[in-house]
Amino acid sequence: MRIELKNDLKEMGRLLDGVESWGQEQGLSPKMIFDLHLVLDEIFTNIVNYGYDDAAEHQVLIDVEREADDVRVRVEDDARAFNPLERPDPDLGVPLEERKVGGLGIYLVRQLMDEVEYTREGGKNVLSLRRGTGPR
Amino acid sequence: MDITITEDRRDGVAIVGLRGRVHGGNADTFEERLVGLIEGGERRLALDCTGFDYVSSAGVRAMIVVAKKLKDAGGKIALFGVNQNVRDVLDITGLLDIFPMYEDEDAALKAVR
């Protein structure tokens, strides 16, 4: 399944609804669908909020495929080069007063997917993700 | 689906009902409502999460801000009726210690009183 989105958070509903119906067609568990929702929400929100320096309309391409016991997701955007995997994990062990509020989205993505890979291809950011459909 | 926030009071505790999803598009509203309650003088909050279906990192950030405000004000917060998916997100992001969770309203009220 391919979803083409504009870089606008108003597109979120369409993204999440698309993933939900696809996941149901594929017979994925509600937990798996919830996690895919969350992962795509985090990635798309990051691109829209931090990826662009101009006010122009850009396109974000999301492909979601089932491959045997895996779901594979590919997100492609023409935002400025950004490898989210280079971000350090947030420190969750510190007391509330010292908790930083940033970096949680990418951390969630890394925790919820089995594999996350970043490449820069022809001026585009490509994030490829895999998650097995079995119980975790 | 968006988030609907309702407010109720019982035994001196503000019971805040959350229904729907908190994500990047509405986390600000969610944060403002809860911070507004604290700034308005509420010190004991119980969040009814029975209809709270979804939270992303934007919602988690808002919850951390709320917890800090409340702690600074010397208040207490508890959650009840949290579904497993939302609980997992709070667990991964290290919020279980900050937001104690209870089975039902009575237990949550007892914890913050």
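**Chain B and its sheet, then chain A**

1. In chain B, residues 24 or more positions apart account for 70% of the contacts with a separation of 6 or more, a contact being heavy atoms within 4.5 Å. The model is predicted, so local features need pLDDT of at least 70 and side-chain atom pairs count only at pLDDT 80 or more, while totals for chains, interfaces and linings use all residues. Residues are numbered from 1 along each chain as its sequence is written, chains are lettered from A and ligands numbered from 1 in the order in which they are written, and side-chain values use heavy atoms, with hydrogens and water left out.

2. Chain B contains four helices and five strands; here helices (H or I, at least four residues) and strands (E, at least two) are DSSP runs, numbered from the N terminus. Along the sequence its pattern is β-β-α-β-α-β-α-β-α. The C-alpha trace spans about 30 × 25 × 25 Å along the principal axes of chain B. A compact globule of 113 residues would have a radius of gyration near 13 Å, and the 12 Å of chain B agrees with this. That radius is taken over C-alpha atoms, and the globule rule is 2.2 Å times the number of residues to the power 0.38.

3. Of the 113 residues in chain B, 51% are buried. Buried means under 20% relative accessible area, exposed over 50%, and partly exposed in between (1.4 Å probe, protein chains only). Strand 2 of chain B is mostly covered, with nine of its ten residues buried.

4. Strand 1 and strand 2 of chain B run antiparallel and are joined by eight bridges. Within this pair, Asp8(B) stands opposite Ile15(B) of strand 2. Their hairpin has two residues between the strands, and Asp11(B) takes a positive phi near 50° there.

5. Strand 2 and strand 3 of chain B run parallel, again with eight bridges. Val16(B) has Leu47(B) of strand 3 as its bridge partner. Strand 3 (residues 44-55) also pairs with strand 4 (residues 76-80) of chain B, in the parallel sense over five bridges, and Leu47(B) stands opposite Leu79(B) in strand 4.

6. Chain A has three helices and five strands, which run β-α-α-β-β-α-β-β from the N terminus on. Of its 136 residues, 48% count as buried. The C-alpha atoms of chain A fill a box of roughly 40 × 40 × 25 Å along the principal axes.

7. Which residues of helix 1 of chain A are buried? They are Met12(A), Leu15(A), Leu16(A), Gly18(A), Val19(A), Trp22(A) and Gly23(A). Seen down the helix axis, these buried residues fall within an arc of 160°, so they line one face of helix 1 of chain A; the arc is that of the directions from the helix axis to the C-beta atoms. The face turned away from the buried side carries the exposed residues Gln24(A) and Glu25(A). Among the elements covering the buried residues of this helix are helix 2 (30-50) of chain A and strand 2 of chain B.

8. His37(A) lies in helix 2 of chain A and is buried, with a relative accessible area of 5%. Leaving aside neighbours within four places in sequence, His37(A) is in contact with Leu16(A), Val19(A), Glu20(A), Arg21(B) and Tyr54(B).

Technical notes. Two strands pair if DSSP finds at least two bridges between them.
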